[in-house]
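Subject: Structure for you

Hi,

Here is the structure I promised. Please have it open while you read the notes below.

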Amino acid sequence: MKITREQREQNVSLLKVLVDEKDYGEAVDKMLRDYKRKANIPGFRPGMVPMGMIRKMYGKSAVAEQSYRTASNAVFEYLQKEGIDYVGDVIPSDEQGDFDFEHNTEHEFMFEIGEAPEVKVELSDKDKLTYYKIKVDEKMHEAYKDNYLRRYGRLVDVEAVEKDEALTVVLDNGDMRIEDAYVGLISMSDEERKPFVGKKVGDKMEVDVNELYKTPSQRAAVLQVKEDELAGINPKFEMEIKQIRRFSNPELNEEFFKMAFPAGNVKSEAELDAFIDGEIETELKRESDYMFTIRVRNFLMEKAGLKMPEEFLKRWLYVINEGKFSKEEIKKDFAGFVKMFTWNYLQKHFIKEGSLSVSSEEAEAEAKEFARAQFMQYGMPSAPDEMVGNFAKQVLANKEQAQKIYEKLYELKVVDYVKSKVKVSTKTVTSEEFAKLAQEE
């Protein structure tokens with residue numbers, strides 16, 4: 001067996017592997033013996049088919065498979081022995097010639113590799129980064145507090161429409177009359193609400209349900225009919241308001257605090273305000289941390305200045321996706337891909353340099369945080385620990401979700417490692433300033 005390496009474009013090598021019968025012959029004979037043992041051919045008992053017939057039927061394909069496997073294995077052994085680091089994977093070369101597996105005993109296979117660029121990044125306190133902390137202001141506090149209290153609020157009767165109330169009405173067009181129809185103003189724009197503002201219980205007004213609701217499903221729901229029955233209905237109705245209800249936040253009394261904070265950690269409005277600020281700061285810290293991660297990523301990629309074998313990576317993507325994406329589609333999305341590919345490559349370097357690792361306990365804790373966030377979206381801000389733990393186990397049992405969790409934690413480890421090597425200053429900014437900075441980043 002002979003292996004030669006030739007340089008092609010930047011950071012791309014062509015590996016030629018010449019194999020002959022003494023390299024793959026034994027594997028071919030074993031494969032053909034297996035075929036003979038399993039062959040089911042009319043006129044012959046199992047295992048009694050002549051080897052000559054087996055070789056004639058399957059010899060060519062056996063040589064093709066085993067010679068390729070021998071060459072492929074030799075490439076990986078060669079790369080390991082020579083200490084050649086590569087990106088992506090080894091792929092067949094476009095320079096590959098034709099084969100004659102039936103008559104020739106010597107075959108040359110050609111493979112391509114994308115050579116991994118060397119990472120040379122020295123970090124010190126001369127490297128400066130800024131961590132932007134978002135200031136909690138009164139407007140932010142009140143909005144978060146109102147949103148939090150709405151989880152425990154209820155609908156109360158009011159005398160007149162002001163903005164986004166819920167109306168119970170009677171609709172009558174002479175041909176049909178719908179009692180207790182529901183009209184929700186919260187889903188309407190300010191312009192659409194204008195005719196309703198100031199209206200009181202008992203007031204009547206003309207409405208066109210086709211203008212009031214944009215989709216057939218909405219119109220069918222308010223008229224309490226099936227969608228296919230809408231065509232025969234006159235859409236112009238007289239609407240009489242029977243009830244006006246507004247969503248009201250709960251009173252901050254003992255009953256509320258026991259319901260919202262069963263652990264008894266919040267018992268007054270002052271403690272509630274402190275709790276709200278803590279929740280806001282936790283959320284804002286996530287945003288600040290995320291932006292700082294992006295800043296670290298961009299800083300390292302610029303400092304490293306790595307040149308990836310981009311044309312090779314495009315070919316590699318096309319090969320591994322087996323034609324699922326055209327070369328044009330790969331080219332269109334390639335800039336974003338190569339950026340993240342380079343970042344992942346850099347992360348591996350720092351994980352190795354800093355001997356960074358993620359424990360199963362850390363992964364479990366992150367899975368539980370993910371679980372709590374999910375329960376929060378479902379309206380369960382205080383899900384029981386057992387429920388959170390079970391959900392976390394399900395997350396980690398899912399290979400794809402578990403991989404995302406480990407990738408996130410390793411990225412955080414890399415960011416913390418880099419943070420310990422450079423000089424980081426903290427600057428407090430408003431949410432508006434932060435949004436502008438984030439857009440620029």
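Where does Q224 lie? Q224 sits in the loop between α6 (216–223) and β10 (236–248). Helices (H or I, at least four residues) and strands (E, at least two) are DSSP runs, numbered from the N terminus.

Some ground rules. This is a predicted model, where local features need pLDDT of at least 70, side-chain atom pairs count only at pLDDT 80 or more, and totals for chains, interfaces and linings use all residues. Residues are numbered from 1 along each chain as its sequence is written, and side-chain values use heavy atoms, with hydrogens and water left out.

Back to the backbone. Q224 is not a glycine, yet its phi is positive, near 60°. Q224 is exposed, at 51% relative accessibility. (Exposed is over 50% relative accessible area, buried under 20%, partly exposed in between; 1.4 Å probe, protein chains only.) D180 also has a positive phi, about 55°, and is not a glycine. D180 lies in strand β8 (residues 177–184). Its relative accessible area is 57%, so D180 is exposed.

Now a helix pair. Helix α8 (residues 269–304) packs against helix α14 (residues 399–421) at about 70°, with axes 10 Å apart. Axes are lines fitted to C-alpha atoms, for helices over the stretch in contact; angles run from 0 to 180 degrees between N-to-C directions. α8 and α14 are therefore roughly perpendicular (65 to 115 degrees; under 35 is roughly parallel, over 145 roughly antiparallel, the rest oblique). On the α8 side, F292, T293, V296 and L300 make the contact (heavy atoms within 4.5 Å). They meet E411, V415, V418 and K419 in α14.

Best wishes
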